[in-house]
Amino acid sequence: MISSVRLKPLNWHPYIAPVELSEATPEQLEAMKVTPSAKKVSEYVRTLAHDPESYLARTILFNAIMYVEGGLARPDRELGALGASIVNGCKFCAVVHARRHAELTKSDEVVTALYLDKPEALGQRDAAIYSFARRLSAAPSEATADDIAALRSVGMDDREIIDLIHAISIFGWANRLMHILGHAESG
């Protein structure tokens, strides 16, 4: 048994001034009606809204990958996002998706194992997902048929594997976008 890790949310601060809602163009305001998981218009959303067309395309794709009904279970998508964010060094996203995984599973055992760098404490399915997320994030070309076989061996079907690849891949991009636009720090 390992001790439990408690993760406090981090705050993300942009390097450029976010769009002020009072000064937003009609196109920016329209784009900001679509937000990640239909939550608030955050500083991040307002920063991305400088390019409303790109922001809207990004957010529709993100929501389709992370919040679609069916396919891979949400906790598994969150674990893929967490693994990618750890490899990519995005502390903000890692904390967000670690907390969401713990919330969805009503357990922080997986998150605790990962934050204490004890992936050997994971169950077989979580270990296969986490290992694949790490390999695909570190060097996509090094992910092999053996990685896919490992996912199948824990009961994942092709649709779930494709969903996992999408979740990991969008964080390869989202983590890098977040890094270049700002930084995270404790509240």
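Tutor: Let us begin with lysine 39, which is found in the loop between H1 and H2. Please keep in mind that this is a predicted model.

Student: Why does lysine 39 count as exposed?

Tutor: The term exposed requires a relative accessible area over 50%. Lysine 39 has a relative accessibility of 52%, so it counts as exposed.

Student: Where is valine 41 found, and why is valine 41 called partly exposed?

Tutor: Valine 41 is found in the loop between helix H1 (26-31) and helix H2 (43-48). Buried means under 20%, exposed means over 50%, and partly exposed lies in between. Valine 41 has a relative accessible area of 34%, and therefore it is partly exposed. Together with Leu21 and Leu29, Val41 forms a nonpolar patch on the surface, with about 230 Å² of accessible area together.

Student: What makes H4 and H5 roughly antiparallel?

Tutor: Helix H4 (residues 74-88) and helix H5 (residues 91-105) pack at an angle of about 155 degrees, with axes 8 Å apart. Angles over 145 degrees count as roughly antiparallel, and H4 and H5 are therefore described in that way. Their crossing is left-handed.

Student: How do you know that H7 is roughly antiparallel to H8?

Tutor: The axes of helix H7 (residues 124-138) and helix H8 (residues 145-153) cross at roughly 160 degrees and come within 9 Å. That angle makes H7 roughly antiparallel to H8, and the crossing of H7 and H8 is left-handed.

Student: Why is the contact of glutamate 78 and arginine 74 called a salt bridge?

Tutor: The rule asks for a side-chain nitrogen of Lys or Arg within 4 Å of a carboxyl oxygen of Asp or Glu. For glutamate 78 and arginine 74 the N to O distance is 2.9 Å, so the two side chains meet in a salt bridge. Being four residues apart in helix H4, they are separated by about one helical turn. At 0% relative accessibility, glutamate 78 counts as buried, whereas arginine 74, at 25%, counts as partly exposed.

Student: How many salt bridges does this rule give?

Tutor: The count comes to eight salt bridges. One of them is formed by arginine 135 and aspartate 147, at 2.9 Å from N to O. Arginine 135 lies in helix H7 and aspartate 147 in helix H8, so this pair ties together parts that are twelve residues apart in sequence.

Note on methods:
Residues numbered from 1 in each chain as written. Predicted model: local features only at pLDDT ≥ 70, side-chain atom pairs only at ≥ 80, totals over all residues. Heavy atoms only, no water. Patch = residues over 30% accessible without salt bridge, like charges linked within 9 Å, V, L, I, M, F, W, Y side chains within 5 Å. Areas by Shrake-Rupley, 256 points an atom, 1.4 Å probe, with all protein chains shown as cover. Helix = DSSP H or I, 4+ residues; strand = E, 2+ residues; numbered from the N terminus. Buried < 20%, exposed > 50% of the residue type's maximum accessible area, 1.4 Å probe, protein only. Axes fitted to C-alpha atoms, helices over the stretch in contact; angles between N-to-C directions. Parallel < 35°, antiparallel > 145°, perpendicular 65-115°, else oblique. Left-handed = near helix turned anticlockwise from the far one by under 90°.
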